[in-house]
Amino acid sequence: MTSVLDTARGWFSASAGSLDDFRRAVERVTDPADYPFADSVESNVPIYRIAANPADRQAIREELLRALSTGPGVVVFRNAFDGSVVDAASASFDVLIAAQRADGSNAGDHFGAPGASDRIWNAAQKLALAAPDVFADYYANDLLALVCQAWLGPVYQVTSQVNVVNPGAAAQVPHRDYHLGIVRDCHLAEYPVQLHRMSAALTLQGAVAHCDMPVGSGPTMLLPYSQTFEPGYIAFRRPEFVDYFRAHHVALPLAKGDAIFFNPALFHGAGHNRSAAIRRSANLLQISSPFGRAMEVVDRTAMCTAVYPELLRLKASGLDRGLLHNIVVATAECYPFPTNLDNDPPGDRLAPPSQVDIVWDALEQELPPTTLSAALAAQSERRKP
């Protein structure tokens, strides 16, 4: 794309990206033959109905990676979460929302006004501490692990924010997401092209429907293939791109328990809730590579301490080993760095053990919670600068 890129320098210009180039990138048709594991294709989006623990796990991961990177950039899983598990989490979230309203701490999001929705920041940690049994049931989900592994690899950092969009709430401004999606316009051109490419690889965006979401309730607006437009982080706020998105986006109805996942570079935004009575409720998942920085500060030691007794109980009950591991990865810090290598040396390994390693080893040995707590405290002490 030599018209927008100085190939010798490797930077986009501040005016990079033409609408004509954008149209050529996004005006494509998804061929169902390219996604053989998908149940169907709707509005250019592959729709999956995959049983838990699928036999063709690696082949499905390869297909999901292709869909999220060079394909439409978004996939939907029907019936991804059991309805009873979603209801139990929703009940806990409702208690948290009521408490926020009572103390006046409710706030808006990055792309919507305060009052248009009820938002729970750091919902993963809050759920783990308030209802560790519900947290464990929720994040044991193997389809969630499958798509995270496809985009981010074997370990990843789960964060979530619950968003309940009230009737009448306006649509969000279409946008790209974290990391470069929150950088000020005046600085975007200062990042080399490789960072524009890398930003999307560091995060997986998703949402679990906590109620039925007909199109009139404003489920996520999507522009398939828009993540393939390399200057998109430079261009997405410009009026002509916003207008094009508003004229050409698609939105898919979701049922309670469905889940949608997309490349963070996809142009998207929450829709206008035109319903009279539907409080559109979703658990928004922002899942980070271990090699990146998550948006939220999460007390994963507190989460591990709260959830570990439930892990012991689930192991004793015979829960599948893979599902147990899903819970541990969703709970604990998965990367051993940064650390203080004077106090926390790698030893005979390339890196010291991560918090995931410590929790998993304790679970394998069925160590008591007090022993795990001491091990986590010792690791925290070793990591101090």
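Q: Which residues are buried in α12 of this predicted model?
A: The model is predicted, so local features need pLDDT of at least 70, side-chain atom pairs count only at pLDDT 80 or more, and totals for chains, interfaces and linings use all residues. Residues are numbered from 1 along each chain as its sequence is written, and side-chain values use heavy atoms, with hydrogens and water left out. Buried means under 20% relative accessible area with a 1.4 Å probe, protein chains only; helices (H or I, at least four residues) and strands (E, at least two) are DSSP runs, numbered from the N terminus. The buried residues of α12 are Leu 323, Leu 324, Asn 326, Ile 327, Val 328, Val 329, Ala 330 and Thr 331.

Q: How many residues of helix α12 are buried?
A: Helix α12 spans residues 321-331 and is mostly covered. Its cover includes α5 (132-139), α6 (142-152), β7 (157-165), α11 (300-316) and α13 (355-365), where contact means heavy atoms within 4.5 Å.

Q: Which residue caps the N-terminal end of α12?
A: A side-chain oxygen lies 2.8 Å from the backbone nitrogen of Gly 322. The residue that supplies this oxygen is Asp 320.

Q: Which residue in β7 stands opposite Asp 118?
A: Asp 118 belongs to strand β6 (residues 117-120), both faces of which are covered. Strands β6 and β7 run antiparallel and are joined by 4 bridges; two strands pair if DSSP finds at least two bridges between them. Opposite Asp 118 stands Val 164.

Conventions. Buried < 20%, exposed > 50% of the residue type's maximum accessible area, 1.4 Å probe, protein only. Polar contact = N/O pair within 3.5 Å; in protein donor to acceptor, adjacent residues only side chain to side chain.
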